[in-house]
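Hi,

Here is the structure we talked about.

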Amino acid sequence: AIGIGCTILGLLDVVYASERATFHIPFTALALTPEACSSYTFPKIMGPATANEMLLFNRKLTATEAAARGLVTAEFPHDAMGEEIWPKIAKFAELPKNSLIYSKALVRGGEKELLRDLNRKESERLQERWTSDEVSMSSKVLEKTRKK
């Protein structure tokens, strides 16, 4: 997962990954800033040190590292992903709907306003960054690198 495909993971209830998966958010390399509430969820989930390595210094995590730090619930052999995950999902689907809704509200309910406010702030900062000279220059460098 890269970019928002990775940052959104902090908002999910469970995350299953193939042993081959990697997790990367190269924001600063692109002159951008965190998104999808990752400036809050990543330090909360993985601790500030690992979150800073990812959010500030572009560190890529393996599935094993992501699982050890709590970003991923579990990792599975790549060739057995379907066999492993679909039975779990089927069991989840059998759980009482309202019990899940109410339980999730209790687990995450207190953060809802905080996450909305943070998402707004992250979005505003990203809008500013998109028009910055730094983003323009990093895009040109990336384009030149890809042409080589």
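C37 sits in the loop that runs between strand 2 and helix 2. Bear in mind that this is a predicted model. The phi angle of C37 is near 65°, a positive value in a residue that is not glycine. C37 has 4% relative accessibility, so C37 counts as buried.

A36 belongs to the loop between strand 2 (22-23) and helix 2 as well. Phi is positive here too: near 55° for A36, again a residue other than glycine. A36 has a relative accessible area of 11% and is buried.

**Helix 2 against helix 7**

Helix 2 covers residues 38-46 and helix 7 covers residues 112-130. Their axes come within 9 Å and cross at roughly 125°. From helix 2, the contact involves S38, S39, Y40 and T41. They meet L114, L115, L118 and E122 in helix 7. By class, the contact has four nonpolar, three polar and one charged residues.

**Aromatic pair**

How many aromatic pairs does a search of the whole structure find? One. Its rings belong to Y16 and F76, with centres 5.6 Å apart. The planes are at 65°, which is over 60, so the pair is edge-to-face. Y16 lies in strand 1 (residues 16-18) and F76 in strand 4 (residues 74-76), so the pair ties together parts 60 residues apart in sequence.

Y16 is partly exposed, at 22% relative accessibility. F76 is buried, at 9%.

Best wishes

How values were computed: Residues are numbered from 1 along each chain as its sequence is written. This is a predicted model: local features need pLDDT of at least 70, side-chain atom pairs count only at pLDDT 80 or more; totals for chains, interfaces and linings use all residues. Side-chain values use heavy atoms; hydrogens and water are left out. Axes are lines fitted to C-alpha atoms, for helices over the stretch in contact, and angles run from 0 to 180 degrees between N-to-C directions. Helices (H or I, at least four residues) and strands (E, at least two) are DSSP runs, numbered from the N terminus. Contact means heavy atoms within 4.5 Å. Ala, Val, Leu, Ile, Met, Phe, Trp, Tyr, Cys and Pro count as nonpolar, Asp, Glu, Lys and Arg as charged, and the others, Gly among them, as polar. Rings of Phe, Tyr and Trp (its six-membered ring) pair if their centres lie within 6.5 Å; planes under 30 degrees apart count as stacked, over 60 as edge-to-face and the rest as tilted. Buried means under 20% relative accessible area, exposed over 50%, partly exposed in between (1.4 Å probe, protein chains only).
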